[in-house]
Amino acid sequence: MIYESCYWKEPLLDTARWLARVRLGERTHERTYVRIEREVFISFYAIRKLFDTLKVSDRIKRATSELEWHPNRHAVHHMNCEHLDLLYDLAISRKETRDVLFLCNQFVHSFVFAPYEEDGKIGGFFVSSDRVKNERLYRVRLEQVLVLFRLVGRDYPASLFFRHNHDTGTCEARVE
């Protein structure tokens, strides 16, 4: 259970600031890539946990994002998952709209994860969960990630409403 959410939300804002400043190139140290991976994974896990503990407004939970994806060409496994250009058709690009929880799960359960570079900075991430790795590879722009981290990091709901259904024994919550 998360009781005080600021200790989970403030690091999201710190991570967004750091990711926006990271420079990539031929001389980028391995530790930078490791930190990118760690910061991104932990941040998406934190967002999911904040959702589960009703610390983020429903407005953000319902938000959607248009995700670009590339179709799979060959089976993906532990011995080939770094060869994205062979496994996925990067020349074909499709789009779909997905909610924030879906996006979080792609990162939390990622089988494929690779930051890509644009103009010396992080352009975004190639990511695919263990469930969809043999169907598609998502290309998530850094700006999409930063917007989400900032939205969640600054969201402090003011109201929480519960409704108990006596017939089913379930409880519904609304967070505003």
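The structure is a predicted model, in which local features need pLDDT of at least 70 and side-chain atom pairs count only at pLDDT 80 or more, while totals for chains, interfaces and linings use all residues. Residues are numbered from 1 along each chain as its sequence is written, and side-chain values use heavy atoms, without hydrogens and water.

The protein chain contains 6 helices and 7 strands (DSSP runs numbered from the N terminus, H or I of at least four residues for helices and E of at least two for strands). Their order along the sequence is α-α-α-β-α-β-α-β-β-β-α-β-β. The C-alpha trace of the protein chain spans about 55 × 35 × 25 Å along its principal axes.

The crossing of helix 2 with helix 6 is left-handed (the near helix is turned anticlockwise from the far one by less than a right angle; clockwise would be right-handed). In the contact (heavy atoms within 4.5 Å), helix 2 supplies Val40, Ser43, Phe44, Ile47 and Leu50, and helix 6 supplies Val145, Leu148, Phe149 and Val152. These residues comprise 8 nonpolar, 1 polar and no charged (Ala, Val, Leu, Ile, Met, Phe, Trp, Tyr, Cys and Pro count as nonpolar, Asp, Glu, Lys and Arg as charged, and the others, Gly among them, as polar).

The axes of helix 1 and helix 2 lie 10 Å apart, at an angle of about 145 degrees. This pair also crosses in the left-handed sense. From helix 1, the contact takes in Trp8, Lys9, Leu12, Thr15, Trp18 and Leu19. From helix 2 come Thr32, Arg35, Ile36, Glu39, Val40, Ser43, Tyr45, Ala46, Ile47, Lys49 and Leu50. The contact of helix 1 with helix 2 has 10 nonpolar, 3 polar and 4 charged residues. Residues of helix 2 that take part in its contacts with both helix 1 and helix 6 include Val40, Ser43, Ile47 and Leu50.

Between helix 1 and helix 6, the axes are 8 Å apart and the packing angle is about 155 degrees. Helix 1 is therefore roughly antiparallel to helix 6. The crossing is left-handed. Helix 1 contributes Lys9, Leu12, Leu13, Thr15, Ala16, Leu19 and Ala20 to this contact, and helix 6 contributes Leu142, Leu146, Phe149, Arg150, Val152 and Gly153. By class, 9 nonpolar, 2 polar and 2 charged residues form the contact of helix 1 with helix 6.

Notes: Axes fitted to C-alpha atoms, helices over the stretch in contact; angles between N-to-C directions. Parallel < 35°, antiparallel > 145°, perpendicular 65-115°, else oblique.
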